[in-house]
Amino acid sequence: MDSGSSINLIRSDIIPSYQTDVKMNPQNFVLACGETICSSGTTDIDFSIDFLNLTTNFVLLPDLQEECILGEPFLRRNNVILDFNRKCAYIGTDTRKTIYWQIPLDNYSKNNDFLNHLSLEVKNS
C-alpha cells in the first residue's frame with residue numbers, strides 16, 4: 001500500500017497469458033524518483049486480503065520493482081485506514097479486516113508480513 005501513489009500498479013509479468021480483459025492503452029507516468037515509465041495497459045484483478053475479496057483496476061508496468069502497489073484509488077474505494085502507531089491497516093467497507101505489518105530494517109519488500117495476507121487472482125471474463 002502506498003498512500004502517495006495516485007494509481008494502482010501491477011508488474012506486467014505476473015499477469016497470466018490467458019488474461020483477456022487487458023486494455024492496451026499505453027501511457028507515460030512519472031515515478032516518485034523522477035523517472036518516466038510507459039505502461040502497457042490496464043486490467044481489473046480480483047484478489048483477496050485475509051479472506052476479504054476485492055476487485056481493483058491496475059495499470060500494468062513492465063519494470064515495476066514490486067509485484068503490485070495499492071495506491072490512493074484502492075485506499076479510498078475500500079476506506080483503508082493506515083495506523084502507523086499500531087503497525088496495521090484497517091481495510092473494507094461492509095466487512096473490515098485488520099492487517100498487521102512489520103518493517104524489517106534489512107529488506108522491507110521481501111519480508112513484509114502484510115504480503116503474507118495478500119493473494120492475487122486474475123479475473124477471468
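Student: In this predicted model, is R11 buried or exposed?

Tutor: R11 is buried, because its relative accessibility is 17% and the cut-off for buried is under 20%.

Student: Which residue forms a salt bridge with R11?

Tutor: Start with the general idea. Side chains of opposite charge can pair when their charged atoms come close. Here the partner of R11 is D13. Their closest N and O atoms are 2.7 Å apart.

Student: Is D13 buried or exposed?

Tutor: D13 is exposed, at 57% relative accessibility.

Student: How many salt bridges does the structure hold?

Tutor: Three. R11 with D13 is one of them.

Student: Which residue forms a salt bridge with E72?

Tutor: R76 does. The closest N and O atoms of that pair are 2.1 Å apart.

Student: Where do E72 and R76 lie?

Tutor: Both are in helix α1, residues 72-77. They sit four residues apart, which is about one turn of the helix.

Student: What is the accessibility of each, E72 and R76?

Tutor: E72 comes out at 27%, so it counts as partly exposed. R76 has a relative accessible area of 62% and is exposed.

Student: Which residue forms a salt bridge with R86?

Tutor: D83. The closest N and O atoms are 3.3 Å apart, and the cut-off for a salt bridge is 4 Å, so the pair counts. R86 is exposed at 55%. D83 is buried at 14%.

Student: Is S39 buried or exposed?

Tutor: Buried, because its relative accessible area is 4%.

Student: Which residues is S39 in contact with, leaving aside neighbours within four places in sequence?

Tutor: N25, P26, Q27 and F29 are among them. V59, L60 and L61 are also in contact with S39.

Student: And I7: where does that residue lie?

Tutor: In the segment before β1, which covers 9-11.

Student: Which residues does I7 contact, again leaving aside neighbours within four places in sequence?

Tutor: F29, V59, I69, G71 and P73. F29 and V59 are also contacts of S39.

Student: How many residues apart along the chain are I7 and P73?

Tutor: They are 66 residues apart along the chain, yet their C-alpha atoms are separated by 6.2 Å.

Conventions
Residues numbered from 1 in each chain as written. Predicted model: local features only at pLDDT ≥ 70, side-chain atom pairs only at ≥ 80, totals over all residues. Heavy atoms only, no water. Helix = DSSP H or I, 4+ residues; strand = E, 2+ residues; numbered from the N terminus. Contact = heavy atoms within 4.5 Å. Buried < 20%, exposed > 50% of the residue type's maximum accessible area, 1.4 Å probe, protein only. Salt bridge = Lys/Arg side-chain N within 4 Å of Asp/Glu carboxyl O.
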